[in-house]
Amino acid sequence: MDWIIQLKDKTTSVMDDLKGFPVPSSPDKGYVLLAAQQESGRGSLGRLWSSPIGGLYAGILLRPLLPARNISRMTLLSAVAVCEALNQQKKFKAKIKWPNDVLVDGKKIAGILIESETSGSTVEKIIIGIGINVNTVIRDLPGNAVSLKHLTGVEYNLEDFLNSILKRFEFLYEDAVKNDFDEVFNRWRQLSCHPEMNIDLH
């Protein structure tokens, strides 16, 4: 993937900003917007996503080579990429809570939000929002949340951490296009909080 990455100190919402970006000219290109702070970050069902300084707030804009029925699968793909990047620290075991949250010991550390535009069965564009409590001070988070720095005692470079996620995302995305998300499903089952759920992923 050819990533075009833009950095912002503060924004209302990376998702809203990316809506004004041009659609990538090729499925091999993607725009990434990383903000240090969001004033009105959104989670699922329109809920406010707390976005204090220290978190990673990124949006990814793609024109994917996928049928519209696969949009929901991109949530799983993104969650796996985030979860694996977190688990690289090896000091804890992050798990995916269906369908779009990443937890450590039952506390939220990351969330995924996907919005898309389709034309018939074709996906015109997809925007993936990723919010992760990376260096966030624990007192700035709601009681059901935790941060990576709180868990490890380490301060992280947000751009480096984003690149770690993008590498995993790229591998999974390319495999999904070729193999109908088989690798994504396998990894999701391994990382799921509820692998016993009877979910027809195909």
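Okay, so "buried" here means under 20% relative accessible area. Keep that in mind, and remember that what we're looking at is a predicted model.

Let's start with strand 3. Seven of its seven residues are buried, so this strand is largely enclosed by the rest of the structure. In a regular strand, side chains alternate between the two faces of the sheet. Here, Leu 56, Ala 58, Ile 60 and Leu 62 point one way, while Tyr 57, Gly 59 and Leu 61 point the other way.

Which strands sit beside strand 3? Strand 2 is joined to strand 3 by six bridges, running antiparallel, and Tyr 31 is partnered with Leu 61 there. Strand 7 is also antiparallel to strand 3, with seven bridges; Gly 59 pairs with Gly 129 in that case.

Now the core. The largest nonpolar core has 50 residues, and Met 74, Leu 86, Ile 128, Ile 132 and Phe 169 have the most contacts inside it. Strands 2, 3 and 7 are among the elements giving two or more residues to this core, but helix 2 gives the most, with eleven. Take Phe 169: it touches Ile 60 and Leu 62, and also Met 74 and Ile 128, among others. There's another core too, lying apart, with ten residues including Tyr 31 and Ile 127.

Last one, and I like this one: Lys 125, in strand 7. Is it buried or exposed? Its relative accessible area is 7%, under the 20% cut-off, so Lys 125 is buried. Its side chain reaches the backbone oxygen of Lys 19 at 3.5 Å. Lys 125 also contacts Leu 61 and Leu 62, as well as Glu 115 and Glu 117, among others.

Technical notes: Residues numbered from 1 in each chain as written. Predicted model: local features only at pLDDT ≥ 70, side-chain atom pairs only at ≥ 80, totals over all residues. Heavy atoms only, no water. Core = buried A, V, L, I, M, F, W, Y, C linked by side-chain atoms within 4.5 Å. Buried < 20%, exposed > 50% of the residue type's maximum accessible area, 1.4 Å probe, protein only. Helix = DSSP H or I, 4+ residues; strand = E, 2+ residues; numbered from the N terminus. Contact = heavy atoms within 4.5 Å. Polar contact = N/O pair within 3.5 Å; in protein donor to acceptor, adjacent residues only side chain to side chain. Pairing = 2+ DSSP bridges. Lists of a residue's contacts leave out its neighbours within four places in sequence.
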